[in-house]
Amino acid sequence: MTAAAAADSTAADRRRWARYLVEERAEGAVYQRLAARRSGEERAILLGLAEAERRHEKHWLDLLGGEPTRLPRAGVRSRLLGWMAGRFGSIFVLALAQSAEARSPYDAERWATPAMRADEKVHHEVVRGLAARGRRRLSGSFRAAVFGANDGLVSNLALVLGIGATGVSSGFVLFSGIAGLLAGALSMGAGEFVSVRSQRELLTATEANEDAAAAAADLDIDENELALVYRARGMDQTESLARARRIVQAAQEGVRRAATGPVTVQGADAHEVVGSDWTAAISSFLLFASGAIIPVLPWIFGMEGTAAIVLALVLVGIALLSTGAMVGVLSGGPPLRRALRQLAIGFGAAAVTYALGLLFGVGAV
């Protein structure tokens, strides 16, 4: 294929190959940096991805006939991923890499091999799986953090705008905003603690109890009696007896293995998915407070009237767009759409309370 490429390729083809080359190198470097921050199975998976990118890199080098004297720069997304890979947790980088792997240019590239096209599809699934692991580890505390920050932003913006629209003094607006911050942060923290603690206790109560399994071999029951249970559930006699025999033998085998130590079953920790109660509570308190302080900042610095309201809207708008985009990145969805949705919801709630404040305005106090 290399000889045919040299004969049939155009200048545009070679420029495209060079671009693919630098992108493959950049992606491989991202996986290498992520692997350096991980251990065990995830490290091995990331190194495997990096090795696959090197194979793709070699393909384009072969077509180009060796290292070109000049190469284009990698795209903005690849450079951003490379920068983030060495500085942030892998969940953010993997979430962005998941989106990048989903848009492979090789499907429409005649110089890419079928194996490379297949690799890119596999890479997308592998990265998606690694990102999903990170999301599960992050889900409990991240959910509390995002919910707390947005609740603080929206509720306190609505509060200060609604009160400000009534015509009261700027000092009263400031006092109301600080009171709303403290009340909301304490409420969010306490609520998250109780919610997550209750969920963890529920999971603990519903976990399988191994005492019954350990005693199964000592039950005063034989295969025929146990088979009656399955026959009552609709199985025929032969099938029910065979299943009963397997159950009894497994129970007896379990008792024999117990002498050598417990058998560890690998699986997802439901408590890890739920998250820590204290982490959720503290995250909610701090994130609500950090969100709720933003709408109050203009009044803290002595502004009042329309200028304070406009600045509060601008600051909260930037914060809502940022948190919405972050949710989009971590969820693998379009960041801009998530950001605009967050902005519309927040400003919609604030507009309602501001309109009510204008409707029931009482003049200066």
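What span should the 17 residues of helix H12 cover, and how far apart are its end C-alpha atoms? The structure is a predicted model, in which local features need pLDDT of at least 70 and side-chain atom pairs count only at pLDDT 80 or more, while totals for chains, interfaces and linings use all residues. Residues are numbered from 1 along each chain as its sequence is written, and side-chain values use heavy atoms, with hydrogens and water left out.

Helix H12 comprises residues 277–293, helices being DSSP runs of H or I of at least four residues, numbered from the N terminus. At 1.5 Å times one less than the number of residues, H12 should span 24 Å, and its end C-alpha atoms are 24 Å apart, in agreement.

Four aromatic pairs were counted, taking rings of Phe, Tyr and Trp (its six-membered ring) with centres within 6.5 Å; planes under 30 degrees apart count as stacked, over 60 as edge-to-face and the rest as tilted. Tryptophan 17 and tryptophan 111 form an edge-to-face pair, at 5.3 Å centre to centre and 80° between the planes. Tryptophan 17 belongs to helix H2 and tryptophan 111 to the loop between H5 and H6, so the pair ties together parts 94 residues apart in sequence. Tryptophan 17 is buried at 0% relative accessibility, as is tryptophan 111 at 4%. Tryptophan 60 and tyrosine 106 form a tilted pair, at 5.6 Å and 50°. This pair links helix H3 with the loop between H5 and H6, 46 residues apart, and both residues are buried.

Key: Helix = DSSP H or I, 4+ residues; strand = E, 2+ residues; numbered from the N terminus. Buried < 20%, exposed > 50% of the residue type's maximum accessible area, 1.4 Å probe, protein only.
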